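Please look over the sequence and the model shown below before reading on.

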Amino acid sequence: MKVINETMVDASIVGFGFYYEKKVEVPAVELFKRSIIEAIKMANMEKDEIDGLVVTAVPGTIDNSHDTGIFLINKVASKVGINKLNYFDYVYTGGSSIVVGTYRAFKAVESGLANNVLVVGGGKGNLLKRIRSSMFESTIKNYVNEGVTYYELTIPTIEFYPTSDYALIANRYMREHNTDDSGRAMIAVKQRENANLNPKAIYRGKLTLKDVLESPMVSYPLRLLEVTNPVDGALAILVSKNASKSSISPIKLMGFGEATLTIPLAERENILDTPVKHSVRRALNSLNLDKIDYYGIYDAYTIMVLLEIEGIGLADNGKGGEFVMGDSFLPTSSYPINTSGGSLNVGQVGFTSGGVVLAEALYQLAGLAENRQVKDARIALVNTLGGVFDHSATIVLGVE
């Protein structure tokens, strides 16, 4: 494989581990440890060889709320038994954190800061879900006790974030492009078809467009089956210059790009403008989309996928629904997307979908996707999002 652009570095992903369950009772750091052990085992390394650690977690998904930053790094290292770190970092850019952390690991190895860097992200999605439910009930109680109006109650507070924001975007999309719910809802149907090929998907079974469109309304126009559900788990990735002992073909970094919108959603001139096209363009550099064998697309809500498809360049603006209705998503299709079923069916591991879509790209490139394997998958593009289209991070990975 030729060097595609200057982003490609002399390092590889030599192991990864992805562990998750719908709900667990063990501490979050135990989930980190389980995924790390899998990654080290795949790489055929000893834990004493690890000298770099990048950690990411959504606040509220770790049992001890004080466990952030260096405190969480130290706790994870201690739990696994990593005694010496020459490089460490804590990354938080929302749902895109695991991709950003992986890029930093590549650069750390390239620059000589460390030889073997672990990236791990996750947590207990159920824990944060309980916390936010409690906050919501408390907020409603306070509003009612203070006699505020219904309008004040429905002001988009943090408790509704980000579902109501994405519902607003979905509404605007339909109005702007004169479309209905079907193209967006079909994303849930197609990803369920993929989930039915994945024995580890939490949500499986036949799903029709009618099922999606008649599922309970969450926030108009988004319905229950268009929204991911938080679960518990972690993804660990090991980046190293030494790929000789790994049980998988080394997975190279071929491109990376990130972009952010600094203007709050309520103040954006057009809420359908996203940073996706900017991060994708930087990640692809001179690579054309026809070279991409697999797409991992962040999917906490179906409207995200629709706008990412257009931002990536798979469809023109307003035509994402038509693209979804065509030959796409299945491993055997022209555009394999989220072949594990995505976080809509695997669950949102640690309250973020980034690990889910990145993990499936790694399974595909390593040839470990079993009966959902994309034939000759050699180059994968993964796009992830943070906030309400506040941040986009795109990574292009490939194998020889």
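## Salt bridges

How many salt bridges does the structure hold? The structure holds 13 of them, where a salt bridge is a side-chain nitrogen of Lys or Arg within 4 Å of a carboxyl oxygen of Asp or Glu. This is a predicted model, in which local features need pLDDT of at least 70 and side-chain atom pairs count only at pLDDT 80 or more, while totals for chains, interfaces and linings use all residues. Residues are numbered from 1 along each chain as its sequence is written, and side-chain values use heavy atoms, with hydrogens and water left out.

Among these bridges is the pair of Glu-30 and Arg-34, whose closest N and O atoms are 2.9 Å apart. Both residues lie in helix 1 (residues 28-43), four residues apart, which is about one turn of the helix; helices (H or I, at least four residues) and strands (E, at least two) are DSSP runs, numbered from the N terminus. An α-helix has 3.6 residues a turn, so residues three or four places apart point the same way. Glu-30 counts as buried at 17% relative accessibility, whereas Arg-34, at 26%, counts as partly exposed; buried means under 20% relative accessible area, exposed over 50%, and partly exposed in between (1.4 Å probe, protein chains only). Glu-30 and Arg-34 are also linked with Lys-79 in a network of salt bridges.

## Two further pairs

The side chains of Arg-372 and Glu-360 meet in a salt bridge, with 2.8 Å from N to O. Arg-372 lies in the loop between helix 13 (354-366) and strand 11 (379-386), and Glu-360 lies in helix 13, so the pair ties together parts that are twelve residues apart in sequence. Arg-372 counts as buried at 6% relative accessibility, and Glu-360 is buried as well, with a relative accessible area of 2%.

Glu-322 and Lys-319 also meet through their side chains in a salt bridge, at 3.5 Å from N to O. Glu-322 counts as exposed at 56% relative accessibility, while Lys-319 is partly exposed, with a relative accessible area of 41%.

## Helix 6

Helix 6 (residues 163-177) has 15 residues, which at 1.5 Å a residue should span 21 Å, and its end C-alpha atoms are 21 Å apart, in agreement with that value; the expected span is 1.5 Å times one less than the number of residues. Its buried residues include Asp-165, Tyr-166, Ile-169 and Tyr-173. The buried residues of helix 6 pack against helix 7, strand 5 (217-219), strand 6 (222-223), helix 10 and helix 11 (320-325), where contact means heavy atoms within 4.5 Å. Just after helix 6, Asn-178 takes a positive phi of about 50°.

## Helix 7 and helix 10

The axes of helix 7 (residues 182-195) and helix 10 (residues 302-312) come within 8 Å and cross at roughly 100°. Axes are lines fitted to C-alpha atoms, for helices over the stretch in contact, and angles run from 0 to 180 degrees between N-to-C directions. Helix 7 and helix 10 are therefore roughly perpendicular to each other, a term that covers angles of 65 to 115 degrees. On the helix 7 side, Arg-184, Ile-187, Ala-188 and Gln-191 meet Thr-302, Ile-303, Val-305 and Leu-306 of helix 10.

## Ala-185

Ala-185 has its place in helix 7 and is buried, with a relative accessible area of 0%. Not counting residues up to four places away in sequence, Ala-185 touches Leu-209, Val-212, Leu-213 and Glu-226. The C-alpha atoms of Ala-185 and Leu-306 are separated by 9.8 Å, although these residues are 121 residues apart along the chain.

Technical notes. Angles under 35 degrees count as roughly parallel, over 145 as roughly antiparallel, 65 to 115 as roughly perpendicular and the rest as oblique.
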